Amino acid sequence: MTTITFLMGTDAGVDRRATLPMKKGLPGPVEKIGDYPFPTNPMNDRGKGYLLQGKIKNAVTNYGGFIDWDNHPAGLWGDYTYLPNVSFLAGVPGQKYTSDFNWSLYESIQLGGDILRQTWTSADAYSAWFEDGDTNFVSILFEADNDYGKWRPDSIAKMYSIDAVDDYYQWGIDDVNERIFISTKETADPNNSGSRMGLIYPWALRPKLKERTDDFDVYEYGEDKEEWTQDDIYHYYGTNVADSWFTWSEAYTDWQATTKSRVNTHNTAVTAGDIFGDTYFSDPGDTYPLLAHSNYSQTWPTRLNIETGEMESFWPGWWAEEYIEDLPGCSGNRKDPDCWQEVPGRFISDTDVYMEFDDRWAHRGNRVNTNDEYEVSGYPMGFKVKAEAHSYGVSYAEDIMFVTVRVRNESGDWYDEDGNFHHGLIMPDGTKLNHGKGFDYQGVTLGFYMDADAVSTDIYGNTGVHTNDDDYMEYYDERFEIGDEVLIISMAMIYDYDGNSNGATDLGIVATQLLDTPKATREIDLDMDGFPDRYPGEDLKMTDWHWFDWYNRPGVVNREGSGSCYAGSAGCPQAKNKEEIMYKLMVGDTTNTKTSENAWFFHTPNPDTDLGTELNPHFDSLEGLEEEDAFDEGLDCVFIMSCGPFDLKVGEEVPFSFCIIFGQNKQDLISNAKFAQIMYNSHYQGYTPPTRPDVHAVTDHNKVSLFWDNAAEISNDIVTGYADFEGYKIYKSKDGGRTWGTPDKQIYDDYGIAVGWQPYAQFDLNAEEDSLHCIWENDECSDGLNRGRSISGPDPHAPWFNLGFDTSLDEIKKDTTINGSDYQYYFVDKNVQDGIQYTYAITAYDMGVESDFIIMWEDDTSGGFVPDTLWSYSNPEHWSSPDGYASIENSKGTSILDKNFVQVYAGFKSQNQLSEIGVVPNPYIVRSHLNENEWVREIRFTKLPPECTINIYTVNGEHVQKLEHIDLTGQDSNEIYSGGEAVWDLRTVNNQEIAPGLYIFTVQAAGMEDHVGKFAVVR
């Protein structure tokens, strides 16, 4: 018996949309295979670069593996190398789970009590399908497994009406009722992720492979032989991640050098041996092409100068940027990108290496079986990557290698911001993706893979010290403050577990840190608490971090071991869902993962149980690392860091930048990581103020004494290395630091924008002290190593600020020890009133960076003047050449948690007597506005002994309140009130406001007779 159950109405819609958004309209000239010039062989466009300026040294390549130990040095630091591979990753999903939408049961077909099939409908799936007027999906996938599943062409599976459904694995679009309908086998419920159904993204449904030739793969383009048209034979390719490591074949990586790189981004005129043949890392016979190096113009590409008719070399990368406050649209904030401008001719680091690569050759990473089918279905997405690696020889950045990355979606033809037309990437068969329209991708994620072996080789490339299964891994996250800016470092570190790698000792520690990322295009919940952690428009930063043992990496079928047939190598088995599991790792998705995949890739604090309730799918736990099956006195640590998902339209470009950091130990590594973030946030051009003074306040009757240390004077600018301290500024506020003086004391720049406050007092080095002050240290030094002149008057770069008046620091010098802390300076403010709250901030400022030279006009003895160039002694490294940079002052602070920010009330110190105890104010007049607001009213008991008890009564003897007073000024902290005063908020023991009237108080102290007094409260 057959039973049909109708749960909803049966109005049928009419399909008004094309089956595939990729279908062309009426075509113009027919475009077929080879209509566009075939890309050149990417192997001919490969090059490598050498970053050797700092203590960290790397060879980098332009095919996605920024670092690869096939090219020495690979993460050389000290005597050893540490990095077998650092590779770039980019991925997109193949489907969106039906369980992400709400589905309602429309009908159920049963036979003999068994459900044969069911039809379901979803209105929100329809809304997503046609969101923003676009067609975001093209079909339905059933029984998804191993990044494949059951998909049939529209001619078979797509129904024009919901009433036409007569089998499972069918679907359709009901436009009248604005809903998607699907028919499922038996009891499969699309609301349940276990049903393994999804809405297919258009880029995942592609022309099927026909055959592989020596030059390119041939696809089933139908009878018209025209690509991406309706008569093509399509195939579900699934999820995709482009990489350059997991294929385990250097020649067949997903990322390859961009076509004609050998003439557009570098040249082949010089080789690695020509320039680096005398180093440990090359030899004179090394013919490998070199990428464009900033400090070797002979490596740059050339182009025709129309005016001269000559071929001239040009730098293909980007230049250093300079902060310029008067740029149009600049807000005056260094975080504002409108305040930064490229400076042509100025490089970012001591050696910049530029490269470009893309994924148009990604099909080469797919092996083809005897049936002319891809065993693993990776495919080109049309992403172009431009990258610049930076190497510093100066001490403050010698342990860091920065990589600045820009990723653009060139899957289709696009226009730049100037309106210039650009072709999308041309595929190896001479076609364009989606017939030149490309794809506006959803769910994009970017990341990188890092494999560190502590250690890999010695400085000469010998592998005798190599061990790869005795390392350890940690993750470090910290917020820190520089000046008035809060920064975040998030890095993963790897080091040798016992500090001995096959006899090599004195080893370092290596980490990677994500610096810049695309912005979120949707809300993302990272801690799984049900609330978003990233909102649209915010920087994504790192959204996922996962570690795994190399022998369990994505693509492995069964756990490998040393000497195994490695997955990705020719003839070795490889997991068919390699692309899918890589994407799931990058976005924190455990949907329908296998037990082995969960154990290998998603880690909880307790690996013995791996309870789902303990899992954060975005961030692996390291707490149970030593309990993992892969751990045996260490493990072969590798990990993926990523950010996403986000949307990326055709022609859109996003940033993705990271750095590789080394340190002698964890503390050294953390220090380097902090500086890396500081440098990056300042576009690699930032300077830092002197260290904040540590301030201590001591109050007395109508007097506040401020003491501070000399840490600012013995600190150097982190970027320049100069001992550039110049002076101190003292600020005073009566409103808790909201303002720092009367309106006439506010400072405005040339555009009328308020930029600060005149200090209450200022002290700086005098002319002689400035002239003799050493450039590199706070000490005496010989002529030529000091500043050589006075620093005072208006700042040349920001004349609204004053560098000082040559006051000397002698008048405020006073060595003092308070509560065990040493202070070198003091300032006494007697312009205060007891009982009033005062806020002080003491800042240190530097001299700025002087211009390279100044022009002095000298008398030529004949009534005229001649120019004389005086070079600056104080800027020997020529920072911010030629103009120099403005003075920098550290933050005033915002609360007493800041060590240079204090809040105090002047008042009497403790006194060992009771006879002079007083009450201020007396009488207390309500609404006198003396230290009060609608929430706070208070009076002070003054001239108290160090410890005493105060009881307050009405004149009728009713007890009102009891106060216990203890002088805490002897402890190592600033006390808001002086030690001889106690404050009462005029509230009773029952927390009620007292009534106006006369009150009696008593003061009791050990060893003294009780004191009785009175005060009045007047309305």
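Trainee: Where does isoleucine 306 lie?
Mentor: In the loop between strand 23 (302-305) and strand 24 (310-313). Keep in mind that this is a predicted model.

Trainee: Why is isoleucine 306 called exposed?
Mentor: Its relative accessible area is 77%. Exposed means over 50%. Isoleucine 306 has 77%, so it counts as exposed.

Trainee: What makes the nonpolar surface patch that includes Ile306?
Mentor: Leu304, Ile306 and Met311 make it, with an area of about 370 Å². Patch residues need over 30% relative accessible area. Isoleucine 306, at 77%, passes that cut-off.

Trainee: Why is proline 153 called partly exposed?
Mentor: Its relative accessibility is 36%. Buried means under 20%, exposed over 50%, and partly exposed is in between. The value of 36% falls in between, so proline 153 is partly exposed.

Trainee: Where is the place of proline 153?
Mentor: In the loop between strand 12 (148-150) and helix 2 (154-157). The C-alpha atoms of proline 153 and serine 297 are separated by 55 Å. Along the chain, these two residues are 144 residues apart.

Trainee: How many cavities of 30 Å³ or more are there?
Mentor: The count is 5. The largest cavity holds about 210 Å³ of space.

Trainee: Which residues line the largest cavity?
Mentor: There are 19 in the lining. Arg206, Tyr219, Tyr221, Pro380 and Met427 lie nearest the centre. Strand 16 (205-207) and strand 18 (217-219) are the elements giving two or more residues to this lining.

Trainee: How does the lining of the largest cavity divide into nonpolar, polar and charged?
Mentor: It has 12 nonpolar, 3 polar and 4 charged residues. Tyr and Pro count as nonpolar, and Arg as charged.

How values were computed:
Residues are numbered from 1 along each chain as its sequence is written. This is a predicted model: local features need pLDDT of at least 70, side-chain atom pairs count only at pLDDT 80 or more; totals for chains, interfaces and linings use all residues. Side-chain values use heavy atoms; hydrogens and water are left out. Patches are made of residues with over 30% relative accessible area and no salt bridge: like charges are joined within 9 Å, nonpolar side chains (Val, Leu, Ile, Met, Phe, Trp, Tyr) within 5 Å. Accessible areas come from the Shrake-Rupley method with a 1.4 Å probe; for residues, only the protein chains shown count as cover. A salt bridge is a side-chain nitrogen of Lys or Arg within 4 Å of a carboxyl oxygen of Asp or Glu. Helices (H or I, at least four residues) and strands (E, at least two) are DSSP runs, numbered from the N terminus. Buried means under 20% relative accessible area, exposed over 50%, partly exposed in between (1.4 Å probe, protein chains only). On a 1 Å grid over the protein atoms alone, a cavity is a set of points where a 1.4 Å probe fits but cannot get out, and a pocket is an open set with protein on both sides within 12 Å along at least five of seven lines; lining residues have an atom within 4 Å of a point. Grid points are joined across faces, edges and corners, and a volume is the space filled by probe spheres set on the points.
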